[in-house]
Amino acid sequence: MESSTAKAPWQTGTGTWFRRYHDSAPTAVTLVCFPFAGGSASYFFGLSRLLAPGVEVLAVQYPGRQDRRGEPCLESMTALADGVVAQLPADGGPFALFGHSMGAIVAFEVARRLRDTAGPGLPAHLFVSGGLARPHRPSGSTGAPGPGDILAHLREMGGTDERFFTSPELQALVLPVLRADYRAVGTYEPPGPERLGCPITALIGDADGRTTPEQAATWRERTSGAFDLRVLPGGHFYLDSCRQQVADIVASALGGGRLPPSPPRGPAPQDPAR
């Protein structure tokens with residue numbers, strides 16, 4: 001007979017959509033993390049390391065990248081959110097959602113689906129990082145920017161290794177993924193005035209040229225519960241240098257209190273576009 005604390009398959013990180021990097025306590029709240037456009041699950045390795053064992057991180061792996069490179073990319077928020085929800089049973093225990101940039105919108109859409117199918121108690125919390133409640137279309141009205149537009153946008157946001165811009169090999173690997181993700185953002189139609197029942201915490205870098213604190217504050221309109229806005233030092237990828245602060249915010253919001261700094265355990269794996 002299985003133990004009452006045995007983890008469901010989706011919690012072990014063995015499914016198609018989720019990656020699990022560190023062990024956690026049996027009573028840990030699960031935090032499902034959604035990457036930015038062009039990003040991969042490994043971006044959240046460092047955050048997982050800081051939050052373990054009190055909070056268990058499951059990082060979402062979108063199709064078309066890293067170990068899912070052989071699969072076609074998905075080009076709509078609907079397809080991305082539906083794919084996650086299909087492997088995220090409502091009876092898997094308490095969990096929260098964290099999305100950065102494009103991932104904030106995917107996380108919100110997953111939360112909407114859970115509200116409609118699993119009731120108002122799930123998710124326990126939604127964290128939206130560096131993302132707009134009403135995203136801009138990245139390039140005109142087609143939602144399908146060309147390579148030049150994508151490269152210019154990456155330079156504008158910062159945080160991408162300069163070697164990427166001079167490497168045709170890396171660009172050949174990453175640009176198709178980025179183009180699909182940009183199409184998903186560019187064709188996304190936000191829902192009307194509706195609210196989630198869970199608390200929302202919005203996080204943003206104080207030098208983010210893509211999202212201002214005022215714009216991030218509009219996430220308040222998406223919940224009937226508590227709302228919190230945290231402004232941290234840095235640009236659009238403030239998380240790179242503020243992981244400990246973000247871990248503390250997440251742990252506190254989920255009832256885990258302040259986490260002590262973790263000892264060094266080696267560098268996190270990097271995405272090609274980072």
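**A walk out from helix α4**

Modeller: Exposed means over 50% relative accessible area, buried under 20% and partly exposed in between, with a 1.4 Å probe and protein chains only. Bear in mind that this is a predicted model, where local features need pLDDT of at least 70 and side-chain atom pairs pLDDT 80 or more, while totals for chains, interfaces and linings use all residues. Residues are numbered from 1 along each chain as its sequence is written, and side-chain values use heavy atoms, without hydrogens or water.

The buried residues of α4 (147–157) are I150, L151, H153, L154 and M157. They sit on the same side of the helix because they cover an arc of only 160° around its axis, going by the directions from the axis to the C-beta atoms. Helices here are DSSP runs of H or I with at least four residues, strands are E runs of at least two, and both are numbered from the N terminus.

What do those buried residues pack against? Their partners are α5 (162–165) and α6 (168–186), with contact meaning heavy atoms within 4.5 Å.

Now follow α6. D181 makes a salt bridge with R65, with the closest N and O atoms 2.9 Å apart. That pair links distant parts of the chain, since D181 is in α6 and R65 in the loop between β3 and α2, 116 residues apart. A salt bridge is a side-chain nitrogen of Lys or Arg within 4 Å of a carboxyl oxygen of Asp or Glu. Both partners are tucked away: D181 is buried at 0% relative accessible area, and R65 is buried at 4%.

The loop between β3 and α2 (77–86) also holds Q66, which has a positive phi of about 45° although it is not a glycine. Most residues other than glycine have a negative phi. Q66 is partly exposed, at 26%.

R113 lies in α3, so the pair ties together parts 31 residues apart in sequence. R113 is buried at 18%, whereas D82 is partly exposed at 39%.

Both belong to a salt-bridge network of D82, E109, R112, R113, R115 and E194. Within it, R115 and E194 meet at 3.0 Å, N to O.
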